[in-house]
Every structure is written in structure tokens, then in C-alpha cells.
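Please brief me on this model.

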Amino acid sequence: WIDHGGHPELSVASEYNSDQQMLTVNIDQTQTVDDVTPIFRFPVEIEWVNGDKRGRVTYEITEMTAACYIPLPNEPDYVLIDPDGWLLAEIEYKQPTAALLKQAGDAERVLARRDAIVQLGSKSPSDDIMATLTRILRYDPMSGIRSAAADALAELGGEDARDSVMVGLVDSDPNVRNRVIYALGSFEGDEVAYTALERIATSSELDALRGSAIDAA
């Protein structure tokens, strides 16, 4: 990172083999390697979570393609790559919806929760996804996580998502309300969303929120 240009761009995939009781995590460096950007060598931490049990292992990555094998008696609920977010790299790791729903509720890993919420917003809408994101927006103690849930609901689109986003208009944190306002602005042509933005633009006591509502509308 210091003596050369670029940074690792990682594509990660995982698979659990119940017969072998083995979790395999494949890590590929996908950055263009040339005279400026090398194949990087670095340690990567992998954390697995199953119910209230979790474990962590570290692997040294030295090649463009690496396979990490972790013996586990049961399939994990989800797997985290670089769980503490210290690695200076771009990591693409897409997990199944069931894993993301559980990861979104991981009380110990804020970065992992946010990543799961963002990925849920790119999935096809389902009752489970809608219920999880709505619950997070309503009750999560962290404002940044509530804001991420509002954005994810807006990405899903549709009237149900719009109604869930509107719950955030009464959030105690004005920063969250601001994100909710912009989320509502993404529902183009939606009369209910537009009416809500119009009301905020003309009646909010906070100039910043009025301005956001005008901008979002």
C-alpha cells in the first residue's frame, strides 16, 4: 500500500459442505496487476457466526486466488470477512438473503450490520426483508443504522416500503429524519410521498429539513 499504487479489490464467495463439515471461503484479488499495482500480501480475518457462538480465524493471502478451509460441525448463520473493517481493501461479498437477515441483527458488528442492510436493499422485496428493515428503522438504537434502513427501503420501492419509510419522519434524530426525507424523494410519482414532503417543506421548524424536503421533492 505504501511502496506501490492501488489497493486490493477482493471478490469473496463461501460455501459449506455438510458431508465434510467444512466451510470454504474463496478470496480472489480482482484488481488489475501491472507495473504500478501488485498482487498484495496481507492477513485477512474471517469470522463465522452460528446462534450465540462465533469464532474467528486469520489467513495470510499471498496469491491472486486463495481458498480458506474452516472445519465447522454445522453450517454457520453467516460469515464475515474483515469483521472489524481494518483492511484497506474493496471487498465484494454477497451472501444469501437468509444470512443477510441474521447479519443485519448482529449486535456486535456495526459495520457488518450496515453492509447487510445495504445488500438487503438490492434484493427482490419479500415480507421478511420488509419486516426486518422496518423494525430496524423503528427501533434500532443507532441512528446511522436507522438511516441505512431508510435508504434500503427506498431501494426496494413500492407502497409498502414507502409506508415503512414514512415511519421515520417522527424519528428523534434530525439526521435520520433528513435521510428519511431523501428516501421519500426517491419514490417518484408517488402522491403520498410528495404530500409528506410538501408538508415538511412548509411546516417543519428546522430550516435544514425544510430545505431537504424541497430538494427531495
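The briefing below goes topic by topic.

This is a predicted model: local features need pLDDT of at least 70, side-chain atom pairs count only at pLDDT 80 or more, and totals for chains, interfaces and linings use all residues. Residues are numbered from 1 along each chain as its sequence is written, and side-chain values use heavy atoms, with hydrogens and water left out. Helices (H or I, at least four residues) and strands (E, at least two) are DSSP runs, numbered from the N terminus.

**Sheet S5-S2-S1-S7**

- Four strands form an open sheet in the order S5-S2-S1-S7, and the pairing is mixed. Two strands count as paired if DSSP finds at least two bridges between them.
- Strand S5 (65-71) and S7 are the edges; each has a single partner strand, so one side of each is left without a neighbour in the sheet.
- Neighbouring strands here are turned by 20° against each other on average, direction ignored. Axes are lines fitted to C-alpha atoms, for helices over the stretch in contact, and angles run from 0 to 180 degrees between N-to-C directions.
- S2 and S5 run antiparallel and are joined by seven bridges. Asp28 has Thr65 in S5 as its bridge partner.

**Sheet S4-S3-S6**

- Three strands make an open, antiparallel sheet in the order S4-S3-S6.
- Strand S4 (53-61) and strand S6 (78-81) are the edge strands, each pairing on one side only.
- Strand S3 (residues 42-50) pairs with S4 in the antiparallel sense over nine bridges. Asn50 stands opposite Lys53 in S4.

- Gln21 has phi near 50°, a positive value in a residue other than glycine. Its place is the loop between strand S1 (9-17) and strand S2 (22-29).
- Gln21 counts as partly exposed because its relative accessibility is 39%. The classes are buried under 20% relative accessible area, exposed over 50% and partly exposed in between (1.4 Å probe, protein chains only).
- Asp82 also has a positive phi, near 55°. Asp82 lies in the loop between S6 and strand S7 (90-93).
- Asp82 counts as buried because its relative accessibility is 8%.

**Helix pair H7 and H8**

- The axes of helix H7 (residues 191-203) and helix H8 (residues 207-216) come within 8 Å and cross at roughly 145°.
- Leu197, Ile200 and Ala201 in H7 meet Leu209, Arg210, Ala213, Ile214 and Ala216 in H8. Contact means heavy atoms within 4.5 Å.
- This contact has seven nonpolar, no polar and one charged residues. Ala, Val, Leu, Ile, Met, Phe, Trp, Tyr, Cys and Pro count as nonpolar, Asp, Glu, Lys and Arg as charged, and the others, Gly among them, as polar.

**Nonpolar cores**

- The largest nonpolar core has 36 residues; Ile117, Leu133, Val180, Ile181 and Leu184 touch the most other members. Such a core is a set of buried Ala, Val, Leu, Ile, Met, Phe, Trp, Tyr and Cys residues joined through side-chain atoms within 4.5 Å.
- Helices supplying at least two residues each to this core include helix H2 (110-121), helix H3 (127-139), helix H4 (143-156) and helix H6 (174-185). H4 gives the most, with eight residues.
- Val180 is in contact with Leu137, Ala150, Val165, Gly168 and Leu169, leaving aside its neighbours within four places in sequence.
- A second, separate core of 20 residues includes Leu10, Leu23, Val25 and Leu72.
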